[in-house]
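I want to see who pairs with whom.

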Amino acid sequence: SCDAAAAVAKAAPAATPTSSININTSTSKFLHAFCIPSTDLQPIFTLPTPATKSLPLNLAHCILSLGPELLRVLQGKISSPIVMNVITIEDYKSTYWPKLDGAIDQLLTQSPGDYIPISYEQIYSCVYKCVCQQHSEQMYSDLIKKITNHLERVSKELQVIVKVDRIRFQASPPDLYIERFNIALGQYMGALQSIVPLFIYMNKFYIETKLNRDLKDDLIKLFTEHVAEKHIYSLMPLLLEAQSTPFQVTPSTMANIVKGLYTLRPEWVQMAPTLFSKFIPNILPRAVESELSEYAAQDQKLQRELIQNGFARQ
């Protein structure tokens with residue numbers, strides 16, 4: 001944390017307000033390798049140390065990982081900087097990305113409640129080191145390609161699995177197709193809850209800074225383009241058909257899909273506003289007094305359908 005970084009800084013001799021620090025060329029290159037602009041060092045050299053609490057996140061991490069030796073280098077206490085191993089593009093491709101690739105695979109294919117035997121600390125450390133060594137662009141490209149390929153397989157499997165199960169189990173197509181889509185959507189959104197935090201350092205210092213975007217938004221957009229858009233015109237009629245028969249599809253499944261579609265692309269509401277309004281507030285216009293009789297008729301129809309499906313009045 002930045003508080004811990006402040007403690008490290010506090011242990012070093014304090015500089016006077018008028019003192020100046022001359023950072024040599026080697027140290028400047030070292031700082032550049034860790035994505036630290038020289039202007040970010042000012043809080044260290046213009047003590048009191050409470051200012052160090054506002055250090056940028058990347059600078060705090062570097063101080064914590066290297067300890068007091070780095071601080072003494074920056075304050076000119078020793079003449080030679082610490083030598084760090086450089087991660088070449090070959091190192092990235094052969095060592096670092098394979099670790100990330102395997103972890104992403106497991107996260108994308110896990111089922112709810114599954115235990116994933118990966119070290120989140122190790123994965124975060126890989127991302128952090130690659131960002132510091134200027135491999136953000138390549139890592140972002142690899143991540144997008146990896147997830148795109150996965151989603152393209154998911155989209156194809158949706159159709160294949162539905163056809164196979166229809167023959168094997170003789171189940172109704174709407175039930176199967178809707179349930180399979182719900183599983184794919186839930187599994188992917190669940191995976192994002194782990195993937196996005198693991199790549200938070202890349203998001204902070206590359207995607208937000210250089211691309212002016214957000215990683216989570218980019219990954220949600222991938223599902224929209226490669227899965228939802230390809231199935232929306234098949235899925236929506238089945239949702240409407242299932243809605244006409246109470247409990248043909250469980251309410252939780254229907255709610256998950258409708259809310260998910262709204263998250264992916266709000267304008268899809270226009271395809272079935274009444275359906276979306278059952279799960280998302282303020283979709284339809286406000287109720288007016290002149291339509292109260294119509295609302296009452298709809299309520300009575302729902303009650304009759306419930307009774308026909310075995311739900312007796314209490």
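This is a predicted model: local features need pLDDT of at least 70, side-chain atom pairs count only at pLDDT 80 or more; totals for chains, interfaces and linings use all residues.

Next I checked its partner. Glu229 makes a salt bridge with Arg265, and the closest N and O atoms sit 2.5 Å apart. Glu229 is in helix H11, while Arg265 is in the loop between helix H12 (251-264) and helix H13 (273-277), so this pair ties together parts 36 residues apart in sequence. Arg265 comes out partly exposed too, with a relative accessible area of 23%. That value stays above the burial cut-off, because buried means under 20%.

I then asked which other residue Arg265 forms a salt bridge with. I found Glu267, with 3.6 Å between the closest N and O atoms.

Back to helix H11, which covers residues 215-243. Here I noted a salt bridge between Lys221 and Glu225, the closest N and O atoms being 3.9 Å apart. How many residues apart are these two in the helix? Four, so about one helical turn separates Lys221 from Glu225.

Last, I ran the search over the whole structure and got six salt bridges. Among the residues involved, Asp101, Asp105 and Lys146 are joined into one network by salt bridges that share partners.

How values were computed. Residues are numbered from 1 along each chain as its sequence is written. Side-chain values use heavy atoms; hydrogens and water are left out. A salt bridge is a side-chain nitrogen of Lys or Arg within 4 Å of a carboxyl oxygen of Asp or Glu. Buried means under 20% relative accessible area, exposed over 50%, partly exposed in between (1.4 Å probe, protein chains only).
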